[in-house]
Amino acid sequence: MSLDTTESTAAAAGAAASANGGLSEAEARRRLEQYGENLLREQHLSLAQRILGFFWGPIPWMIEAAAILSAVLGHWEDLAVIALMLFINAGVGFWQEYKADTAIEALKQRLALSARVKRDGAWHEIAARLLVPGDLIAIKIGNIVPADVTLVQGEYLSVDQSALTGESLPVDKKRGDAAYSGSIVRQGEMNAVVSATGMNTYFGRTAKLVEQAGAISHFQRAVLRIGNFLILTTAALVAVIVVAGLFQHNPLLEMVQFALILAVASIPVALPAVLSVTLAVGAERLARLKAIVSRLVSIEELAGMDTLCSDKTGTLTRNELTLGTALPAPGVEIQQLLSAAALASRREAPDAIDSAILAAAPPAGQLEAYRLKSFRPFDPVIKRTEAELEFNGRALKVAKGAPQVIVELCAPDPEQRTAILAQVEQAAAKGYRTLAVAGDEGAGWRYLGLLPLFDPPREDSAATIRATRAMGIDIKMVTGDHEAIARQIAGELDLGSNIVVADSVFGEHAAAQALTQVLAADGFARVFPEHKFQIVKALQSSGHIVGMTGDGVNDAPALKQADVGIAVSGATDAARAAAALILTAPGLSVITTAIEEARRIFERMTSYGTYRIAETIRLILFMTASILIYNFYPVTTLMVVLLALLNDIPIMMIAYDNAPVAARPVRWDMSRVLTIASALGLYGVLESFVLYWIARDLLHLPVPVLQAVIFLKLLVSGHMTIYLTRNKGWAWQRPWPRWLLVVPCELTQLVGTLIVVYGVAMAPIGWGLALFVWAYTIVSFFVANAVKVATHGLLDQRMASHARHLQRVERPLG
């Protein structure tokens, strides 16, 4: 597919000026007003449209039909409360959507691209949305091109524009070529003039909007399947109630009205919204902890991650390099070696290695006689930098990079090769990383010497590794350095000594037992970006949920393949775009803190799923059984509406509750949730019938009072179920519920109690009966807690027995 190369006339007019000193700030402001921000327009519904949307759909239709029937029947109290329910449901839905959207928008702002732009003759870092046609920008390896540009300075770029054109291979670009917004720089660096922004870019004109994958996580799929099952169950039981009512000659319209409201109260309509808010609120917390999730559903994978492949440099170590004693080759002076290394470094924007070399190099004035003709920045594939220079009319080249790469470049004799590798080994044994330097004055590449560099472990790394392993996560170190350095650092951090050279596992002569080696390895050395991808695939093939850290453009495939791709602090745009988790602070402790928070979020979602299923079972089964067995409606239509209203309020606060942190990685266990919820739901049906028998046969209460008693019991015990499903143990065990959950729970229970005591829209029962219901419900709460703990215990025993059985079966095979 060919690209339209039409450029903005404004950019063409300003190109000459931009190519030198860039635009002035005043001119940039004027153009920003003229062309607008560098953003793709999105379709947004108006506030009125969004609000009206909550009155349209299957559930609102059911409520609206019930309201119409109430008006037809002349049940004005029912009509008022049902109308209130309709508006509160819409308000709750709007609030939940607003909360989720606000959180997602905040995450987008944190992940927004930046651009390096030259204005008023100086380079600045600005938000990419503020670019205007005519701006002079710098783009380099790993950047996502922020706008349509024309390349004006530099040697070359290799650009991946597959997202735009479908071309599978990167495209080489030179001066005068166009590069397009959204493409990824794979190699090289150049300066460019912005030719079009926003909707005027190729990306905008063709409307190829990059939408975030709307993938639903395993947890959401499981809970939504349960929701669908409950909807079908509710519909079937409501149909049974209607049919039974017809045989019992109950008024048809009243039955239909009751059935509609019962269905609304029983169906877990808030399920997707509550899950979204829980994830969004959790994502906000993670962002405050310096870990930004690019997709909300990736929180579940983070909670279930059991293997973390961590980069050494910058994550386990400080990424603060210090130059050791230089090791020049025979016949080479130390100053000559350091000068060549400095000339092969980027002075304008030095990385950690370049900064260490430049700090030890001769003063810049001594190197001014060398005129730079071209510079090839570090490439993670060839693993070296290279500069072409001119000195006193003579052309020369210098290069620095990984020792094995420079040795292959210089092709020394076997004796010198052996000596160089021995020096690398000796330096590595002391924890030094070495760079080799070479020069070419026209007679071919000549080896100049080694520069030892030391990057000490972070102070918190060893303790964090121990804590992470205690959470059930296996950590494997991944580094491009020599295996001797890897072993030295691994030893200091107590990671283990089984360091595997990546080529020995994934190269042409890989061992047959490669998978076994990967699983047993404590770390991997001499790792190239493609090895990271293979490591992830190998671990995933054994059933592991894998996290992989990375920062470079070539790490993107591995980050994308990993269950949790983690772009470390300072990662390239391409790595950030591919990652599920983007760190904004260095170190492993940020990752472990994020894992803890992700497990809390997962527990909140599991708690809500269990609660919602248990409550649906309790309400619909009790109502159906009462009508079928006793021809008795235990609550009125109005009471069902009030139950639904009062239940909605505390449900919204589940996302803010305290939650336990699982000691091991967590995965969605459908059978456990269904079993616990069913046990609590069935016990709730039993306790409701026991109270019904007491009130009818022992207290001989009239029907209206009996219905009010049952209403209060369903309300109070329903709210208490929220406390039951928060953990696996006793309700009073830590972590205690947060006040944000307790206050709305208790306030709605108090409101319900006052309604029943004083008979608002129902028969009054007085304080005596109300206190009796509370006492009965509290006793039942402790019994229900025992049922939950016993059920968890039985499930744990079954799992342990199953694990022992598997061990006995596998032992003879081993």
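Student: Is Phe782 buried, partly exposed or exposed?

Tutor: Partly exposed. This is a predicted model, and the relative accessibility computed for Phe782 is 42%.

Student: And Phe781, buried or exposed?

Tutor: Phe781 counts as buried, at 13% relative accessibility. The cut-off for buried is under 20%.

Student: OK, zooming out. How many aromatic pairs turn up in the whole structure?

Tutor: The search finds 13. One of them joins Trp732 and Phe782. That pair is tilted, with 45° between the planes and 5.8 Å centre to centre.

Student: Where do Trp732 and Phe782 lie?

Tutor: Phe782 is in helix α29, residues 766-813. Trp732 is in the loop between α27 (703-724) and α28 (739-758). The two parts are 50 residues apart in sequence, so the pair ties them together.

Student: How exposed is Trp732?

Tutor: Partly exposed, at 48% relative accessible area. The exposed class needs over 50%.

Student: New topic. Which residues do ring pairs link into a cluster?

Tutor: Phe622, Tyr630, Phe632, Phe689, Tyr692 and Trp693.

Student: Now charges. What lies over the face of Trp736?

Tutor: Arg734, at 4.1 Å from the ring centre.

Student: And which ring does the charged end of Lys383 sit over?

Tutor: That of Phe528. The distance to the ring centre is 4.2 Å.

Terms used. Residues numbered from 1 in each chain as written. Predicted model: local features only at pLDDT ≥ 70, side-chain atom pairs only at ≥ 80, totals over all residues. Heavy atoms only, no water. Phe/Tyr/Trp six-rings, centres within 6.5 Å; stacked < 30°, edge-to-face > 60°. Helix = DSSP H or I, 4+ residues; strand = E, 2+ residues; numbered from the N terminus. Buried < 20%, exposed > 50% of the residue type's maximum accessible area, 1.4 Å probe, protein only. Lys NZ or Arg CZ within 6 Å of the ring centre and 35° of its normal.
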